[in-house]
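Subject: Structure handover and findings

Hello,

Here is the structure you were going to look at. My notes on it follow below.

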Amino acid sequence: WLFYLPFIWIGYHCFKNSSDILKFCKIFSLITIIPCLFGILQYTLSIFFGYEVVMNFFYSADVAAAATQNYARFNLTPSFTLLRTPSTFTYPTQFGNYLLCALIPTVVSIYSSSNLNQKNIHRLILILIFLASMTSGLRGMYLYIPLFFLLFFIQRKNFIIFFMIICLLISIFYIFSSNFGFLMEYIYELSYRYIYFFFEGFNLNNFRDFIGHGVGTSTGAVRYVVDQDLIQAGGLNESYYSKILYELGFVGLFILIIFYIQSYKLFDNCSKNYEEGNLLIFVQSSKALLLTIIIAGTKGYYFNLFPIDFFFYFILGVIIKLKSKNEYEKIHKNF
């Protein structure tokens with residue numbers, strides 16, 4: 001839980017000025033092309049040549065089965081199937097986390113590009129992120145990507161684009177209108193299941209150990225390296241907040257809630273310091289990602305999975321640097 005904190009220091013000292021941040025965002029955005037194309041290619045080939053055949057080609061058979069959750073597939077509608085594609089990562093959720101992180105540098109690059117050609121390149125990358133998210137097989141991405149942009153444009157007070165996103169979502173539902181009943185039933189059952197998981201994680205059994213059961217006892221990956229008796233009895237709960245409560249107890253849950261509240265306040269105060277410009281886009285998109293991940297935490301361990309597990313703290317360090325630099329400049333302007 002604490003080993004991510006040094007990334008705050010790294011983020012704080014990584015950039016000397018705003019141009020370094022913008023350069024980092026543009027490089028990050030361009031690199032995103034590779035995993036996006038890789039994931040889209042895996043999905044496309046799987047449609048034509050078979051899911052297992054393609055995954056076994058990219059990985060060995062045993063690795064492919066583990067990386068795809070035993071070749072998991074979901075019928076979003078009777079005619080549209082989602083396939084778990086890890087792209088260049090070891091697990092689809094890591095790929096999804098990477099795509100969420102990539103939204104910040106890509107959005108910043110679009111706004112900060114000096115000419116139309118550069119803007120169009122990064123707009124194309126954003127489209128690739130959308131397509132890779134849709135073909136990753138991660139059902140949550142159909143919620144988290146629109147949620148990120150809703151939160152971002154609300155901060156921008158750009159209600160026209162906000163309205164366009166709503167219209168786009170309505171249009172998507174209209175496209176699936178022939179399967180509308182099936183889709184609504186699927187969304188209802190999935191939502192009910194995760195709401196049940198969320199509240200189940202706060203059952204009375206967790207009240208017995210006020211200080212928690214210990215780090216790793218509700219972490220899925222730990223089952224590969226320790227005795228099964230050490231893992232949470234009754235199976236792991238996918239809610240991040242249930243995981244915190246089970247591992248660190250109420251004290252740990254309270255500390256982390258305070259930590260994320262203070263982080264939000266820091267992002268919010270920093271956005272007020274930069275009333276316009278490219279740095280404001282960076283802060284606003286970072287704040288949108290923070291809120292998206294906090295909401296997504298009701299379903300999964302996004303804060304504790306690669307690459308969000310260190311990227312958030314890295315961004316937090318950058319935000320602290322921007323805020324302190326802005327306050328320093330304001331003080332010296334008064335003299």
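A crossing of two helices is left-handed if the near helix is turned anticlockwise from the far one by less than a right angle, and right-handed if clockwise. That term comes up in the helix packing section below.

This is a predicted model, in which local features need pLDDT of at least 70 and side-chain atom pairs count only at pLDDT 80 or more, while totals for chains, interfaces and linings use all residues. Residues are numbered from 1 along each chain as its sequence is written, and side-chain values use heavy atoms, with hydrogens and water left out.

Overall

The protein chain has 13 helices and 2 strands (DSSP runs numbered from the N terminus: H or I of at least four residues for helices, E of at least two for strands). Of its 335 residues, 47% are buried (under 20% relative accessible area, with exposed over 50% and partly exposed in between, using a 1.4 Å probe and protein chains only). Taking contacts between residues at least 6 apart in sequence, 72% join residues at least 24 apart (contact means heavy atoms within 4.5 Å).

Nonpolar cores

A nonpolar core here is a set of buried Ala, Val, Leu, Ile, Met, Phe, Trp, Tyr and Cys residues joined through side-chain atoms within 4.5 Å. The largest one has 70 residues, and the members that touch the most others are F282, I319 and L322. Helices that each supply at least two of its residues are α2 (18-31), α3 (33-49), α6 (92-112), α7 (116-135), α8 (141-156), α11 (240-273), α12 (278-296) and α13 (308-333). The largest share, 11 residues, is from α6. Leaving out residues up to four places away in sequence, F282 touches I21, C25, I104, V108, I315, V318, I319 and L322. There is also a second, separate core of 8 residues, with M55, Y59, A64 and Y71 among them.

Helix packing

Axes are lines fitted to C-alpha atoms, for helices over the stretch in contact, and angles run from 0 to 180 degrees between N-to-C directions. Angles under 35 degrees count as roughly parallel, over 145 as roughly antiparallel, 65 to 115 as roughly perpendicular and the rest as oblique.

The axes of α6 and α7 are 9 Å apart, at an angle of about 160°, so the two helices are roughly antiparallel. Their crossing is left-handed. On the α6 side the contact involves F95, L99, A102, L103, T106, S109, I110 and Y111, and on the α7 side K119, H122, R123, I125, L126, I129, A132 and S133.

For α8 and α12, the axes come within 9 Å and cross at roughly 135°, so this pair is oblique. The crossing of α8 and α12 is right-handed. Residues of α8 in this contact include Y144, L147 and F148, and those of α12 include L280, I281 and K287.

Salt bridges

How many salt bridges does the structure hold? There are 2 (a side-chain nitrogen of Lys or Arg within 4 Å of a carboxyl oxygen of Asp or Glu).

One joins E247 and K243, with the closest N and O atoms 3.2 Å apart. These residues are 4 apart in helix α11, so about one helical turn separates them. Both ends are buried, E247 at 2% relative accessible area and K243 at 3%.

The other joins the side chains of K287 and D268 at 2.6 Å, N to O. This pair links distant parts of the chain, with K287 in α12 and D268 in α11, 19 residues apart. K287 is buried at 7% relative accessibility, and D268 is buried at 18%.

Backbone points to check

Most residues other than glycine have a negative phi, and most peptide bonds are trans. The bond from F306 to P307 is cis, with omega near -5°, and P307 is in the loop between α12 and α13. S87, in the loop between β2 (80-83) and α6, has a positive phi near 60° and is buried at 1% relative accessibility.

S87 is also one of the residues in contact with Q42, along with V54, M55, F58, Y59, T85 and P86, leaving aside neighbours within four places in sequence. Q42 is in helix α3 and is buried, at 0% relative accessibility.

Regards
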